Amino acid sequence: MITIEQIENLVASKEFQQLKHFQEKTNVFTIVGQTHTEHWHSSFISWLLDPNSSMCLGYFPLVRLLTLYMIKKENADLTLGDIYEMHLNNMHFETEKTFTTEDGKKRSIDVYGESDELIVVIENKVKARENMNGTDVGQTKDYRDYVEKTKNHQKCIYLFITPDPSQHPYDDKYTQITYQELFDYVIKKCIEHPNLNKDARYLLEQYANNLREPVHNSPMALVNIELCKKIYENNQSVLDELFQKVECSINFHTDKQIECLVYNRYQSVFDEIFLSLDEKQYGRTPNSFVKRRVVTFNDLYQSGKIEVGTEFVLEYDGVVHYARAEYTEDDKACYLLILDENKNVFKNSMGIVVGYYKTSSQAGVDVINLYRKRRGVEKRIDSLNGLAYWKTKDGVTLKSIVESL
């Protein structure tokens, strides 16, 4: 059992108090009520990447982002030599670049950067997900089609930035970058840069503070990982026992065990510590309401919880929708593939099968909205607890399967 002395040593430690202070420090985004407004994040990214911004770092942030792109994109059509030869100071960035597609749809690119040599397109998804809008392709494909038709021999980079590592664009020409990676590879390096001016440092630190605010019960990015790991290394036995006791408690909010009492008092601090650790250690909170990693269909397949061909059904508003577990040789991974009412796959205009999902919630939203679109129903749904709705033919929910991991 943890002693009061051990708890006091942990809570009173310099590192613990530093983390607590950082969490309690109010940031300007919270003050103006724009904690996770997508447009604000897009505007910040545009300012961050602009070589002529007030940061006085030139194209350093842009080079960091392009380097991250090359790390993440297999066979990227860009090299360090290309970057060094480009006149990146000529890049101009804007937010909400609007255009109209050939079929009359009004579109708006979240962040758009262009020079005579390079075009950078960023689709930024903070809370919402890319949707199919009743079609066989998503927004990202429309953006790329527009750029490819209007470009003038420039290299084109397509990025999809999201806090959720399980969320991917419909258009596979985009490279997914998480907000965690954006912080680690770009923002953090800018904060550490010796030429960063005082005002810009303040804004970057404020933005970093804002990134730890939760979206869908999980922080957009963990920005104190090194500090959290140091706290854990110095107090491993105490934190391990605290985690175990809170996790096993029926209701940690009313439990009078010392571990539950101190966890209730400093829950946000402890949660950030546990989330910042590697998944083999924790990577989640003891109450399991927050997880750093979303369980994908490939995880379920790799663990033997589902098999290729396993069929799933979702009933919503009296209508039954279908899907099955599908393995793709291209990705060497398992996905949830949505099907129509006749259990046939969806195909786009080029005959390519579409509707592969790594997670269940967006699959449910899209199949329901697509069904409504085709039947002239105007109302759409924005969210769905896919784990609770999707079931096997035997009535076992995906939630039960995930919880059995």
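Q: What does buried mean here, and what does exposed mean?
A: Buried means under 20% relative accessible area, exposed means over 50%, and partly exposed covers what lies in between, with a 1.4 Å probe and protein chains only. The model is predicted, so local features need pLDDT of at least 70 and side-chain atom pairs count only at pLDDT 80 or more, while totals for chains, interfaces and linings use all residues. Residues are numbered from 1 along each chain as its sequence is written, and side-chain values use heavy atoms, with hydrogens and water left out.

Q: What makes Ala 325 count as buried?
A: The relative accessibility of Ala 325 is 0%, which is under the cut-off of 20%, and Ala 325 therefore counts as buried. Ala 325 lies in strand S9, where a strand is a DSSP run of E with at least two residues, a helix is a run of H or I with at least four, and both are numbered from the N terminus.

Q: Which residues is Ala 325 in contact with, leaving aside its neighbours within four places in sequence?
A: Taking contact to mean heavy atoms within 4.5 Å, Ala 325 is in contact with Ile 306, Glu 307, Val 308, Gly 309, Thr 310, Phe 312, Cys 334 and Tyr 335.

Q: Why does Val 320 count as partly exposed?
A: Val 320, which lies in strand S9 (residues 319-328), has a relative accessibility of 33%, a value between the two cut-offs, and so it counts as partly exposed. Beyond its neighbours within four places in sequence, Val 320 is in contact with Val 313, Leu 314 and Glu 315.

Q: Is Thr 392, at 13% relative accessibility, buried or exposed?
A: Thr 392, found in strand S14 (residues 391-392), counts as buried because 13% falls under the cut-off of 20%. Not counting residues up to four places away in sequence, Thr 392 touches Thr 310, Glu 311, Phe 312, Val 313 and Ile 401.

Q: What is the phi of Glu 96, and what is that of Lys 343?
A: Most residues other than glycine have a negative phi. Glu 96, which lies in strand S1 (residues 92-100), has a positive phi near 55° without being a glycine. Lys 343, also not a glycine, has a positive phi of about 65°, and its place is in the loop between strand S10 (333-339) and strand S11 (346-347).

Q: How do you know that the buried residues of H10 line one face of the helix?
A: The buried residues of H10 (residues 225-234) are Ile 225, Leu 227, Cys 228, Ile 231 and Tyr 232. Seen down the axis of H10, they fall within an arc of 165°, taken from the directions from the helix axis to the C-beta atoms, and so they line one face. The face turned away from the buried side carries the exposed residues Glu 226 and Glu 233.

Q: How do you know that the buried residues of H2 line one face of the helix?
A: Glu 15, Phe 16, Leu 19, Lys 20, Phe 22 and Gln 23 are the buried residues of H2, and because they fall within an arc of 160° seen down its axis, they line one face of the helix. On the other side of H2, Lys 14, His 21 and Glu 24 are exposed. The buried residues of H2 pack against H1, H9, H10 and H13.

Q: Why are H2 and H13 called roughly perpendicular?
A: With axes fitted to C-alpha atoms over the stretch in contact, and angles from 0 to 180 degrees between N-to-C directions, H2 and H13 cross at roughly 110°, their axes coming within 10 Å. Angles from 65 to 115 degrees count as roughly perpendicular, under 35 as roughly parallel, over 145 as roughly antiparallel and the rest as oblique, and H2 and H13 are therefore roughly perpendicular to each other. Phe 16, Leu 19, Lys 20 and Gln 23 in H2 meet Ser 268, Val 269, Phe 270, Glu 272 and Ile 273 in H13.
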